[in-house]
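Open the model in your viewer and colour it by chain. This tour goes from one selection to the next and says what is there.

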2 protein chains.
Amino acid sequence: MTKEELDAHFKEVEKSPEHRVLHDLGFFGHFIHVHAGGRSGKQHILAKLLCHDGHLTQRELLERSHVTSAALSEVLTKLEGEGLVTKTRSDQDKRQMDIALTSRGVLRATQLVEEQLKFEEQCLSALSQDEKVRLVDMLDRMRESWCEYEKEKKEAECKN
Amino acid sequence: MTKEELDAHFKEVEKSPEHRVLHDLGFFGHFIHVHAGGRSGKQHILAKLLCHDGHLTQRELLERSHVTSAALSEVLTKLEGEGLVTKTRSDQDKRQMDIALTSRGVLRATQLVEEQLKFEEQCLSALSQDEKVRLVDMLDRMRESWCEYEKEKKEAECKN
């Protein structure tokens with residue numbers, strides 16, 4: 001495909017439902033990443049600690065997060081600096097660090113989780129009950145077909 | 001809200017349309033990030049270069065990407081190592097580096113863009129024409145209400 005053909009194709013598809021849906025999905029993905037996950041993962045770490053009575057070892061936190069060991073260390077240093085968690089050597093295993101929410105950390109984590117729940121309650125407020133059911137059905141089918149697409153692509157790559 | 005109340009709430013909402021839609025949106029966001037953006041941003045950089053006749057200065061690339069200067073340098077070093085781009089000092093401005101696709105780089109970039117277009121064509125294949133129109137409408141309204149939510153949250157934070 002030449003550059004001119006590509007340009008023409010891009011202009012043609014710009015107003016297609018496919019293009020608009022992907023554009024919207026990109027927005028939702030970014031929104032969820034920034035608001036529910038937090039760019040730095042701080043919110044995620046605080047919520048994880050709150051769900052485990054306020055403390056976990058650094059290794060347990062790593063297993064429950066989708067970040068690298070280096071990224072987790074960085075986030076924990078920031079949270080410690082903000083007075084939201086403490087890091088102390090574990091009594092059970094001297095090689096491990098215990099990470100615990102401070103009382104300010106518990107307050108902040110609870111506030112974040114409550115905000116998230118409030119958002120979750122409101123996230124489909126623009127739709128009627130009937131539309132909500134239809135939306136779930138459509139997205140579930142799309143998701144299935146995307147997984148299928150990914151599988152076929154992987155199989156084709158393995159054959160090459 | 002206590003931990004017990006939160007747990008009960010989580011169990012209650014687990015099968016709600018809200019929860020299922022957010023879960024699906026998370027999947028789509030991740031899929032788009034990995035397949036269309038590429039974790040490292042390599043695909044994005046190659047596509048940008050292809051759209052500009054195969055070459056841009058490093059500064060121009062930075063302005064057109066949503067990455068940090070350090071992240072861009074890292075990606076460019078990888079692409080250079082794979083023989084897909086060359087880095088040479090600019091004739092016009094000695095402080096700038098010219099980044100150009102090699103002939104292999106052009107082939108790879110074209111292939112990636114074609115794959116992306118193919119996926120874009122297929123991404124709504126699970127839906128009927130009528131459903132596609134409804135989906136765009138629903139997502140657009142959701143998007144608007146999410147932006148509104150974000151705005152209200154920011155205003156509330158400014159007042160505190």
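Begin where the two chains meet. In this predicted model, 19 residue pairs are in polar contact between chain A and chain B, with both residues at pLDDT 80 or more.

Colour the side of chain A that touches chain B by residue class, and it divides into 29 nonpolar, 10 polar and 18 charged residues.

Next, select every residue that takes part, on both chains. In chain A, 57 residues are in contact with 57 residues of chain B. The size of an interface is often given as the accessible area lost when the parts come together. Here chain A and chain B bury about 6,300 Å² between them, and 68% of that area is on carbon and sulfur atoms.

Turn to the charged pairs. How many salt bridges cross the interface of chain A and chain B? There are 10, while a search of the whole structure, over all chains, finds 20. Select A:Arg20 and B:Asp140, which form one salt bridge, with the closest N and O atoms 2.5 Å apart. A:Arg20 lies in helix α2 of chain A and B:Asp140 in helix α7 (residues 129–159) of chain B, so this pair joins two chains. Then select A:Arg141 and B:Glu131, whose side chains meet in another salt bridge, at 2.5 Å from N to O.

Two packed helices are described by the angle between their axes and the distance between the axes. The axes of α3(A) and α6(A) come within 9 Å and cross at roughly 105 degrees, and therefore the two helices are roughly perpendicular to each other. From α3(A), select A:Gln43, A:Leu46, A:Ala47 and A:Leu50, which make the contact with residues of α6(A), among them A:Val106, A:Arg108 and A:Leu112. By class, this contact has seven nonpolar, two polar and one charged residues.

Terms used. Residues are numbered from 1 along each chain as its sequence is written. Chains are lettered from A and ligands numbered from 1 in the order in which they are written. This is a predicted model: local features need pLDDT of at least 70, side-chain atom pairs count only at pLDDT 80 or more; totals for chains, interfaces and linings use all residues. Side-chain values use heavy atoms; hydrogens and water are left out. Contact means heavy atoms within 4.5 Å. Buried area is the accessible area (1.4 Å probe) that two parts lose on being put together, summed over both. A salt bridge is a side-chain nitrogen of Lys or Arg within 4 Å of a carboxyl oxygen of Asp or Glu. A polar contact is a pair of N or O atoms within 3.5 Å; within protein, one must be able to donate a hydrogen and the other to accept it, and residues adjacent in sequence count only if both atoms are side-chain atoms. Ala, Val, Leu, Ile, Met, Phe, Trp, Tyr, Cys and Pro count as nonpolar, Asp, Glu, Lys and Arg as charged, and the others, Gly among them, as polar. Axes are lines fitted to C-alpha atoms, for helices over the stretch in contact, and angles run from 0 to 180 degrees between N-to-C directions. Helices (H or I, at least four residues) and strands (E, at least two) are DSSP runs, numbered from the N terminus. Angles under 35 degrees count as roughly parallel, over 145 as roughly antiparallel, 65 to 115 as roughly perpendicular and the rest as oblique.
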